[in-house]
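This briefing goes with the sequence and structure shown below. Topics follow in groups, from the whole model down to single residues.

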2 protein chains.
Amino acid sequence: MSSKRDTYRATSKHTAILNAATEVFLKSGYLGANMDDIAKSSGVSKQTVYAHFQSKKDLFVEVVGRITDDASSMVHDSAQASDRDDDIAEYLLSYAIRQLTVVLTPRIMQLRRLVIGEVGRFPELAKVLYERGPQRTMKALAGVFERFSKKGRLNVGNSIVAASAFNWLVMADPLNRAMLLGDNAIPDADELRRHAAEGVRIFLAAYGRS
Amino acid sequence: MSSKRDTYRATSKHTAILNAATEVFLKSGYLGANMDDIAKSSGVSKQTVYAHFQSKKDLFVEVVGRITDDASSMVHDSAQASDRDDDIAEYLLSYAIRQLTVVLTPRIMQLRRLVIGEVGRFPELAKVLYERGPQRTMKALAGVFERFSKKGRLNVGNSIVAASAFNWLVMADPLNRAMLLGDNAIPDADELRRHAAEGVRIFLAAYGRS
């Protein structure tokens, strides 16, 4: 009984530390963040923080991994639903709008800036973001495109190339703007929809079959 | 006479400081760089550095502006040459390869990472990079696309939208990889050529007219 309660306590502390660390890193950057602040705002001692995460670096990797996984899962789940879809243009449009909406948040933009700024110091961290973010999304999409191709609805040779083309037709312009121009450059819902629709049109002109 | 020589000396000092600052910033990042190191490696006194650039921040803006302008000019000049070109596919392919080759260097990748990492502290710096980099390139390309459209060789409604689509079809995938995975992820010449060719094919499927 008591071990169950201990597990619950440990899990809840773990989550509390991660949540606090996320806010501290996003606000102060990697170098500016310190373990005292993280301990303080998670309401645990610094020893407890170190009992859960060996170093500031380990904690940063966890924070980046968790936000990336959450975002990817939201995009990924929407990709999985596609099999049942028959109208490819409509499927791609709703996929694109979902991806844009999930990724283009001030929180994820700031995380991405932090990680890119630290590539020199922590190359493995950016790799975590790449593999669990865009790469995971593109692989899922490639699988969807292969199934559409088998049904004769798309004409996709290399499905990874096609998935990358679609991904970046949709994401690159608004992502690049937001990266460099800040959160005010994140387009509103109407703009995102128009942008997504043009991306779908271009993609289907090249890979469509109807 | 002596004033001419003074001007020459001042210009050459200015350039020496900028060159040294570029290396120091690329190596140590913005926070890590200090004016003493920059003075030392440009062979001038710290007072002289401050006589040319009021602050480390001003110097950083100059460094970023200069590298960005140089790269954009190289891409831009190749866009300008297009008017005489009749084979659009060939023109676009050589434009794309040139842009990929000019931009995807370890130096520009590192600069971009630095600038993105500093968006929170210096929003205006990233704006310099955006406006003098991708935006300038896309505007030049939009002009080219309008002329091609008038000749009936392309079917481009909004030329800025088309220029952005082409730009990111070409740049986004390798740029994003290099940003996150480091310089080893910069594709070799053959890969860049294949990637550029697929970008051109997709673009012309959507906007071409032949």
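Helices (H or I, at least four residues) and strands (E, at least two) are DSSP runs, numbered from the N terminus. By that count, Asp86(B) is found in the loop between α4 (56-80) and α5 (88-103) of chain B. This is a predicted model, in which local features need pLDDT of at least 70 and side-chain atom pairs count only at pLDDT 80 or more, while totals for chains, interfaces and linings use all residues. Residues are numbered from 1 along each chain as its sequence is written, and chains are lettered from A and ligands numbered from 1 in the order in which they are written.

**Confidence**

- Chain A has an average pLDDT (the predictor's confidence in each residue, from 0 to 100) of 90, and 95% of its residues score at least 70.
- For the model, ipTM is 0.89 and pTM is 0.90.

**Chain A overall**

- Chain A has nine helices and zero strands, and its pattern along the sequence is α-α-α-α-α-α-α-α-α.
- Along the principal axes, the C-alpha atoms of chain A fill a box of roughly 60 × 45 × 30 Å.
- Of the 210 residues in chain A, 40% are buried; a residue is buried if 20 or more other C-beta atoms lie within 10 Å of its own, exposed if 12 or fewer, and partly exposed in between, with C-beta atoms placed from the backbone.
- Two residues are in contact if their C-beta atoms, placed from the backbone, lie within 7 Å. Among the contacts in chain A with a separation of 6 or more, 69% join residues 24 or more positions apart.

**Domains of chain A**

- Domain 1 (1-53) and domain 2 (55-207) make up the domain assignment of chain A, with bounds that come from an automatic or database domain assignment.
- The centres of domain 1 and domain 2 of chain A, taken over C-alpha atoms, are 30 Å apart.
- The contact between them takes ten residues from domain 1 of chain A and 14 residues from domain 2 of chain A.
- On the domain 1 side, helix α1 (residues 2-32) of chain A gives the most, with seven residues.
- That side of domain 1 has eight nonpolar, two polar and no charged residues. Here Ala, Val, Leu, Ile, Met, Phe, Trp, Tyr, Cys and Pro count as nonpolar, Asp, Glu, Lys and Arg as charged, and the others, Gly among them, as polar.

**Contact between chains A and B**

- Chain A and chain B each put 28 residues into the contact.
- Four helices of chain A, α6 (106-117), α7 (123-150), α8 (159-181) and α9 (189-207), each supply at least two residues of the side that touches chain B.
- The largest share of that side, eleven residues, comes from α8(A).
- By class, the side of chain A that touches chain B holds 18 nonpolar, four polar and six charged residues.
- Of the interface residues of chain A, 100% are also interface residues in chain B, so the copies meet through the same surface.

**Symmetry**

- Chain A superposes on chain B by a rotation of 180° with 0.0 Å of shift along its axis (RMSD 0.0 Å). That is the relation of a two-fold axis.
- The superposition is by least squares on the C-alpha atoms of residues with pLDDT of at least 70 in both copies.
- Gly117(A) comes closest to the rotation axis of the residues of chain A, at 1.9 Å (C-alpha).

**Helix α9 of chain A**

- The 19 residues of α9(A) should span 27 Å at 1.5 Å a residue, and its end C-alpha atoms are 26 Å apart, which agrees; the expected span is 1.5 Å times one less than the number of residues.
- Buried residues of α9(A) include His195(A), Glu198(A), Ile202(A) and Phe203(A).
- The buried residues of α9(A) pack against α5 (88-103) and α8 of chain A, together with α8 (159-181) and α9 (189-207) of chain B.

**Single residues**

- Asp86(B) counts as exposed because it has 8 C-beta neighbours inside 10 Å.
- Ile186(B) lies in the loop between α8 and α9 of chain B and counts as partly exposed, with 19 C-beta neighbours inside 10 Å.
- Leaving aside neighbours within four places in sequence, Ile186(B) is in contact with Leu104(B), Pro174(B) and Ala178(B).
- Lys56(A) lies in helix α4 (residues 56-80) of chain A and, with 18 C-beta neighbours inside 10 Å, counts as partly exposed.
- Not counting residues up to four places away in sequence, Lys56(A) touches Ala33(A) and Met35(A).
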